[in-house]
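Thanks, everyone. I'll take the pockets and then the ligand. Here is the model.

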Amino acid sequence: MIINGPNLNLLGRRQPEIYGEDTFEDFMLHLKGKFVDSDIELEYFQSNHEGELLDKLHEIGYDYDGIVLNAGAYTHTSVALADAIAAIETPVIEVHISNVHKREAFRHHSYLSPHCEGVIVGFGLRGYELAVQYFV
Ligand code: DQA
């Protein structure tokens, strides 16, 4: 399961110089094509609401094989998401499209990273593909 948090529904239109020009829906088609010969099933969920992200983690976090999570700005603010990742059993890989360490200082800290299997930052949408590859 790939989960995107707030403002990531605007990919393709949002600051393309940072986040690129592709919509996530187009990227998902590309990604599904890449993994068409493997027996994994890829799903996608996006929400701008912290509680909905928590509900989705609780819902799938005991059954699914892997979660690729870009929590957007909640990465830097949400103790609740950190607690959810710590609580569930499914391993989570944290992804950021941009290199958050090259950006403002408030983006350098993640509440989520200590509870994640790994972290991929700065490789654009390719980061999601690398994360999925880990679970295959
Ligand atoms: C982001 C980085 C965050 O700091 C930012 O708030 C986002 C996107 C990224 O993918 O680079 O919304 O998670």
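By class, the lining of the largest pocket holds 9 nonpolar, 1 polar and 4 charged residues. Keep in mind that this is a predicted model. The lining residues number 14. Nearest the centre of the largest pocket are Met1, Ile40, Glu41, Asp65 and Gly66. The space in there is about 290 Å³.

Now the second largest pocket. Its volume is about 160 Å³. Here 15 residues form the lining. They split into 6 nonpolar, 6 polar and 3 charged. Arg14, Tyr19, Gly72, Ala73 and Arg107 lie nearest the centre of this pocket.

So much for the space.

Next, the shell. Around the ligand we find Arg14, Tyr19, Asn70, Gly72, Ala73, His76, His96, Ile97, Ser98, Val100 and Arg107. By class, that shell has 4 nonpolar, 5 polar and 2 charged residues.

On to the contacts with ligand oxygen atoms. Start with the side chain of Ser98: one of its N or O atoms is 2.6 Å from an oxygen of the ligand. Ile97 uses its backbone, with an N or O atom 2.7 Å from a ligand oxygen.

How much of the ligand's accessible area does the protein cover? The answer is 99% of the 320 Å² that the ligand has on its own.

That's it from me. Over to you.

Key:
Residues numbered from 1 in each chain as written. Predicted model: local features only at pLDDT ≥ 70, side-chain atom pairs only at ≥ 80, totals over all residues. Heavy atoms only, no water. Near = heavy atom within 4 Å. Polar contact = N/O pair within 3.5 Å; in protein donor to acceptor, adjacent residues only side chain to side chain. Areas by Shrake-Rupley, 256 points an atom, 1.4 Å probe, with all protein chains shown as cover. Nonpolar A, V, L, I, M, F, W, Y, C, P; charged D, E, K, R; others polar. 1 Å grid on protein atoms, 1.4 Å probe; cavity = no way out; pocket = protein on both sides within 12 Å on 5 of 7 lines; lining within 4 Å. Points joined across faces, edges and corners; volume = space filled by probe spheres on them.
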